[in-house]
Amino acid sequence: MSQARDHGGDHWPMRPFTNRVAGPWASTRRRAAAQLAARTPVLPILIISVIVFVDLVGGAGMIWLPLLAAGPALAATTSGPREVLCVGLLAVALGATLGIQDGVAGRELAAVLSAPVAVTLASGLASALRERRERVLADVRSVAEAAQHALLKPVPATVGPFQVAVRYSAAAAEARIGGDLYALVPTPYGVRLIVGDVRGKGLPAVSTAALVLGVFREAAYDEPDLLAVVGRIERSLARNLGCDDFVTAVVAGYSQAGHLEVVNCGHAPPLLVRESGSVMAVEPTHPTPPLGLRALSGEAPSLQVLPFADGDQLLLYTDGVTEARNHGREFYPLAEGLARHVSDEPGRTLTALHDELLAHVGGRLHDDAALLLLRKPVLPEPVSDAGGRGSGPRSAPSRSRSAAKGAPGAPGGGSQAADVVQAADMMKKADGLDDRGDRGCRSGAFAAGARP
């Protein structure tokens, strides 16, 4: 061992090891220092320092010493029990030092310092209770987030042929869930969606929203007719809701290309945005009562078919958006806001709308608000090569139409479909003649070559 220590070269490999050991310790010390700085009650210490400075400058004896209790009392609002006790000990120590320096009698000084001591103990207890409530609130919020993800499942940015964006804000920020509901699912019968609002608030509204969404997700896959989906939701609510409970909702589906089916059950009319940027409200042709009240009115829901072309958008929302008021009691103009912020990206559009809505109400909504924007993107035009033939599957009809127009002897008075069929038949016949001519030429050449 002594020989190993005598060799100078044996010391060099120890430096990297020392650095590797010192590195983690240094990072640990830095993290500990950062945490200590973050948890240090700066304002209470600053208040104590100001009181001590005033006492030193003024020399007023015990007049300012009771104010040292303000330090631990303020620390209890933001810091933990340990930090509160440290601030209290600092205040008592400085108060004792100032009292001894000013020549205050021991009994009088003890009576004066009893106030900071009592306030420190009470503040430490209050800080411990506050931290306990914060932990309970954090657990409740985590459970609420899990319930929200189970109830209101995240909607992807693309569902079927559509671009989708959703924004939801609960009036109770601590709960993060409420009575508004939405869902969008791809089914064998096309993309189907629902946006609704449950009467009432709290846990009963959440349970009703869960019931509606569960029935909708099942019926959307099973029922080929959209009215049958609404009927299953109505029957389920009639069995489970009270006589005064109901749900307003809009159920929509895209089963046929270029058309959107909408069933409005007492809900706010959706806003349809054309590719040109014009915004119009889709008012129901036959008003229908909310879900759960059909037995009282006897009116069945009606199906409304809307043209929905490439580039069109449909915004569904709840009354928490349109009934949001500013300080002047003015409602938020949703149609005008949508016309201002509409874009080709639904997520950006809803972000701008949500920010403007919060600015309109002053930062916090007083009711649950849900926004769901559906957009059918514009398909790119097929690319053609130099010969005029389309490169994609959409180019086949254009090729048939051009052949029908340029074919000699094509009838001019029939329909476009008949022209296309006749042109295709003529092309097949021409191809057959070319094939027979090629075979005749090849057989003649073969016969000529076989002769001696």
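The lining of the largest cavity comprises three nonpolar residues, six polar residues and no charged residues. The model on display is a predicted one.

**The largest cavity.** Select Val262, Val263, Asn264, Pro284, Thr285, His286, Thr288, Ser302 and Gln304, which line the largest cavity. The volume of this cavity is about 40 Å³. Which strand supplies the largest share of the lining of the largest cavity? That share, three residues, comes from strand 6 (residues 259–265).

**The second largest cavity.** Next, select Val230, Glu234, Cys265, Thr288, Pro289, Pro290, Leu291, Arg294, Glu299 and Pro301, the lining of the second largest cavity. Here the volume is about 30 Å³. By class, the lining of the second largest cavity holds six nonpolar residues, one polar residue and three charged residues. The count of cavities of 30 Å³ or more is two.

Strand 6 leads from the largest cavity to an open sheet of five strands, in the order 3-4-5-6-9 with antiparallel pairing. Select strand 3 (180–187) and strand 9 (304–307): each of these edge strands has a single partner strand, so one side of each is left without a neighbour in the sheet. On average, and with direction ignored, neighbouring strands of this sheet are turned by 20° against each other.

Within this sheet, display strand 5 (residues 247–256) beside strand 6: the two pair in the antiparallel sense over six bridges. Gly253 can be found opposite Glu261 in strand 6.

**Strand 9.** Strand 6 and strand 9 run antiparallel and are joined by four bridges. Leu260 stands opposite Leu306 in strand 9. Which residues of strand 9 lie on its covered face, and which on its uncovered one? Gln304 and Leu306 are on the covered face, whereas Val305 and Pro307 are on the uncovered face. In a regular strand the side chains alternate between the two faces of the sheet.

Turn to another open sheet, in which six strands are arranged in the order 1-2-11-10-7-8 with antiparallel pairing. Strand 1 (158–159) and strand 8 (279–281) are the edge strands, and each pairs on one side only. Select strand 10 (residues 313–317) and strand 11 (residues 369–375), which run antiparallel and are joined by five bridges. The bridge partner of Leu315 is Leu373 in strand 11. Helix 12 (residues 346–361) packs on the sheet and touches strand 2 (162–169), strand 10 and strand 11. The direction of helix 12 makes about 25° with that of strand 2. Helix 11 (residues 334–341) lies across strand 7 (271–273), strand 8 and strand 10, and runs at about 25° to strand 7.

**The largest pocket.** For the last stop, select Gly320, Glu323, Ala324, Arg325, Asn326, His327, Arg329, Val361, Leu365, His366 and Asp367, which line the largest pocket. About 210 Å³ of space lies within this pocket. The lining of the largest pocket includes three nonpolar, four polar and four charged residues.

Methods: Residues are numbered from 1 along each chain as its sequence is written. This is a predicted model: local features need pLDDT of at least 70, side-chain atom pairs count only at pLDDT 80 or more; totals for chains, interfaces and linings use all residues. Side-chain values use heavy atoms; hydrogens and water are left out. On a 1 Å grid over the protein atoms alone, a cavity is a set of points where a 1.4 Å probe fits but cannot get out, and a pocket is an open set with protein on both sides within 12 Å along at least five of seven lines; lining residues have an atom within 4 Å of a point. Grid points are joined across faces, edges and corners, and a volume is the space filled by probe spheres set on the points. Ala, Val, Leu, Ile, Met, Phe, Trp, Tyr, Cys and Pro count as nonpolar, Asp, Glu, Lys and Arg as charged, and the others, Gly among them, as polar. Two strands pair if DSSP finds at least two bridges between them. Axes are lines fitted to C-alpha atoms, for helices over the stretch in contact, and angles run from 0 to 180 degrees between N-to-C directions. Buried means under 20% relative accessible area, exposed over 50%, partly exposed in between (1.4 Å probe, protein chains only). Contact means heavy atoms within 4.5 Å.
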